[in-house]
Amino acid sequence: MKFKLTLAALVLSAFLNLSSANASTFEGQIKVTLTRGSQTETLLYTVGTNQLRIERGENDRPYPTDIINLDTGDITLLFPNNRSFVRLSAASENQSPAFPGMLNPPGMPGMPMQPQPPAPAPNTIGPTNLPGMPGMPQMPPRPQIPQAPPGIGPQSGSSVPTMPNMGGMPMMMPPPMMDQPELKATTDTTNLLGYTCTRYEVRQHGEVMEIWAADKLLTFEPYLQNQPHRFGPRMIEEQWGGLLKAKHLFPLLAVLRFERPAMPGSNQPPEIGPERLRFEVTAITPQKITDAALFQPPPDYQEIQPLPF
């Protein structure tokens, strides 16, 4: 009996630890300053028990507000300019291609990658069930057009790669996919606003982003001002938030700079340029959020359908 009670206690303890690791224990408000060049924006994160609200601090125009369900990841965008809102499902967003722009857009018919060649045309021209006219010679058979072998361009011996043959008409292969940035942890740590942060780095196309992030706050959600685009290449400032979100981290400081690599054979480190983007948490205020209306669309707002792209 004692062994069974001890085993049950261990299972319950493991379950509680897993639940606490998956759920955010922080509740309150986080103030952020976002600087791009000479332009500065302020963001306010209001964190409830299972809801998150992100809004701009400026009042010069009606900026959209994001409401995120922390349990499901679903996002609701509020548009004050026309009193409307749109719901974005996290499941549908995760089903988008890993390399946007290279696959069939949603709502458009897909093109088969290896179509079957068309059936050969008959050897006679015109109806075949009519009797031949006396004295009139029969029409000669129509010659077949030879098909180009797969993988060969318009000229024989061409090294240009092509798509699989489609009825004798070669197609060019799509351009190579862009490499995806990677969030790399370092051994450096520091304390920012009472939270232990680890330094991470993201590099892509001559740029480096230094990120100090904590794992004891909440999972990061980037602020969306419009519905996200699924197609075309994205810059590093559009991807770093998703990398942190996948690791369940929240950044307290992130700085993006250009990086000039060192000359070959030189022992000098890469040259780091001036800041291009700066994300900085300026205040963290733990408090109980009791206003449930903050996480719901206003009653006079009309729901609209999300864009198909």
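Asp-188 is partly exposed, at 32% relative accessibility; partly exposed lies between buried, under 20% relative accessible area, and exposed, over 50% (1.4 Å probe, protein chains only). The model is predicted: local features need pLDDT of at least 70, side-chain atom pairs count only at pLDDT 80 or more, and totals for chains, interfaces and linings use all residues. Residues are numbered from 1 along each chain as its sequence is written, and side-chain values use heavy atoms, with hydrogens and water left out.

Asp-188 forms a salt bridge with Arg-199, at 2.8 Å from N to O. This pair links distant parts of the chain: Asp-188 sits in strand 7 (residues 184-192) and Arg-199 in strand 8 (residues 195-204), eleven residues apart. Strands are DSSP runs of E, at least two residues, and helices are runs of H or I, at least four residues, both numbered from the N terminus. Arg-199 is buried, with a relative accessible area of 13%. Both residues belong to a network of salt bridges that also includes Glu-201, Arg-203 and Glu-210.

A salt bridge here is a side-chain nitrogen of Lys or Arg within 4 Å of a carboxyl oxygen of Asp or Glu. The whole structure holds 16 of them. One joins Lys-245 to Glu-221, at 3.2 Å from N to O. Lys-245 lies in helix 3 (residues 240-246), and Glu-221 in the loop between strand 9 (207-214) and helix 3, 24 residues apart. Glu-221 is buried, at 7% relative accessible area. Lys-245 is partly exposed, at 31%.

Arg-56 pairs with Glu-58 in another salt bridge, their closest N and O atoms 2.8 Å apart. Arg-56 is buried, with a relative accessible area of 13%.
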